[in-house]
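Me: Got a structure to go through with you. Can we take it piece by piece?

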Amino acid sequence: MKQLLCFWNLLLLGISVAAQNVLITDAPQLKKGLYKTFEEFQSNNPSEEGDLVIKNRSSAAQIYLLANRNELVLRDGAGQEHKLKNYWGFCDGRNIYIKDNGLNKLQEIGYYCIYALHGIQPSRGYLNQADMTTNSISTPVVLKKVLNVVTGQILELSAYNLKKYILPQDSVLLDEFRGDREKKDQLEYYIFRFNQRNKPGTK
């Protein structure tokens, strides 16, 4: 009887450990909460929960205060908001957001996750003929990036990085990419294809 009980305890412990080591790409459901580190994101194991809310900042604040486009706040039981600073990202239960010049939603979750980094930069001013004043124009900037779910490495999504760092792991797809004359307009397509053909932990 003791041996049988010991066996079941070991079995349950093994299942528990295996569940903790599941990559987020294989998780049946995303857990809501705050990721303090990449490893917490990777294992779908946020360390903190609570009423987490994304607050957007104005274009003026982004330009003149050099502020991120949004920030994450924690609302307490009294409705007070507390800014959060030291964290990697967070999940609202449906979507994952990575902290990189503000919070950016992961558009694709796989071997390589895709997100768009948004920002606003001031461009040269123009002369307003009505009152002879100079006004500045805000220029939205979007930069696509990819995150390796195994290593945590973040790269700009570019033809160079695809050819140099990502696609060499899949020689068939690399050959297709090299022969594609329209590849500069299909960078995300090749990430989707790579994710379909390659699963983390299978290499």
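Me: Which residues does E40 touch, leaving out those up to four places away in sequence?
Reply: In this predicted model, E40 touches L34, Y35, N45, P46 and S47.

Me: And where is E40 found?
Reply: In helix α2, which covers residues 38-42.

Me: Is E40 buried or exposed, and what is the nearest side chain of opposite charge?
Reply: E40 is buried. The nearest side chain of opposite charge is K36, 6.6 Å away. E40 has no salt bridge. The cut-off for one is 4 Å between a Lys or Arg nitrogen and a carboxyl oxygen of Asp or Glu.

Me: Y35 was on that contact list. Which ring does Y35 form an edge-to-face pair with?
Reply: W88. The centres are 6.3 Å apart, with 70 degrees between the planes.

Me: Where do Y35 and W88 lie?
Reply: Y35 lies in strand β1, residues 33-35. W88 lies in the loop between β4 (81-83) and β5 (89-91). The two parts are 53 residues apart in sequence, so the pair ties them together.

Me: Are Y35 and W88 buried or exposed?
Reply: Both are buried.

Me: Which residues form the aromatic cluster with Y35 and W88?
Reply: F38 and F41. Together with Y35 and W88 they form one aromatic cluster.

Me: How many aromatic pairs does the structure hold?
Reply: There are 12. Among them is Y111 with F194, which is edge-to-face. That pair is 5.4 Å centre to centre, with 85 degrees between the planes.

Me: What does the Y111 and F194 pair tie together?
Reply: Parts that are 83 residues apart in sequence. Y111 lies in the loop between β7 (103-108) and β8 (112-122), while F194 lies in helix α6, residues 187-197.

Me: Why do those two count as buried?
Reply: Y111 counts as buried because its relative accessibility is 8%. F194 is at 1%, so F194 counts as buried too. The cut-off for buried is under 20%.

Me: Where is N44 found?
Reply: In the loop between α2 and β2 (51-56). N44 is buried, with a relative accessible area of 4%.

Me: What about phi at N101?
Reply: Phi of N101 is also positive, near 55 degrees. N101 lies in the loop between β6 (96-99) and β7. With a relative accessible area of 31%, N101 is partly exposed.

Me: Last thing, confidence. What does the chain average for pLDDT?
Reply: The average is 80. 71% of the residues score at least 70.

Me: Where does pLDDT stay under 50?
Reply: Over residues 5-19, for one.

Methods. Residues numbered from 1 in each chain as written. Heavy atoms only, no water. pLDDT = per-residue confidence, 0-100. Contact = heavy atoms within 4.5 Å. Helix = DSSP H or I, 4+ residues; strand = E, 2+ residues; numbered from the N terminus. Buried < 20%, exposed > 50% of the residue type's maximum accessible area, 1.4 Å probe, protein only. Lys, Arg positive; Asp, Glu negative; His and termini not counted. Phe/Tyr/Trp six-rings, centres within 6.5 Å; stacked < 30°, edge-to-face > 60°.
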